[in-house]
Amino acid sequence: MPKAYWIVHVTVHDEARYPEYLAAAMPVFVRYGANFIVRNGPYEVMEGATRQRNFVIEFRDRATAMECYTCPEYQAAKVIRQKYSGGIL
């Protein structure tokens, strides 16, 4: 099966509280074998608009990527993320 990816664009609105999301989400990512192949860093926008932070997260396959996103633990983390940031996933 081919690998699957989350392509994430985020703008953090509350830098002080955003680590709450990371604390909730990182154990989920570990459990599902997520591999952060792009994690922020400098970039240039050649066309269009973008967000403050950009990530590409690799999963073993599409089923694993979807299980990670839909599991109760990530859904709880997502609620936290949405309080402190806005983004596209």
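**Ground rules.** I number residues from 1 along each chain as its sequence is written, and I use heavy atoms for side-chain values, leaving out hydrogens and water. Because the model is predicted, local features need pLDDT of at least 70 and side-chain atom pairs count only at pLDDT 80 or more, while totals for chains, interfaces and linings use all residues.

**Entry 1, the helix pair.** I looked up α2 (residues 62-70) and α3, where a helix is a DSSP run of H or I with at least four residues, numbered from the N terminus. Their axes are 5 Å apart and meet at an angle of about 60 degrees. An axis is a line fitted to C-alpha atoms over the stretch in contact, and angles run from 0 to 180 degrees between N-to-C directions. The two helices are therefore oblique to each other; under 35 degrees is roughly parallel, over 145 roughly antiparallel, 65 to 115 roughly perpendicular, and the rest oblique. From α2 I noted Cys68, Tyr69 and Thr70, and from α3 Pro72, Tyr74, Gln75 and Lys78. Contact means heavy atoms within 4.5 Å.

I found threonine 64 in helix α2. Threonine 64 counts as buried because its relative accessibility is 4%; buried means under 20%, exposed over 50%, partly exposed in between, with a 1.4 Å probe and protein chains only. Not counting residues up to four places away in sequence, threonine 64 touches Tyr32 and Phe59.

I placed arginine 81 in helix α3 (residues 72-84). Leaving aside neighbours within four places in sequence, arginine 81 is in contact with Tyr18, Tyr21 and Tyr74.
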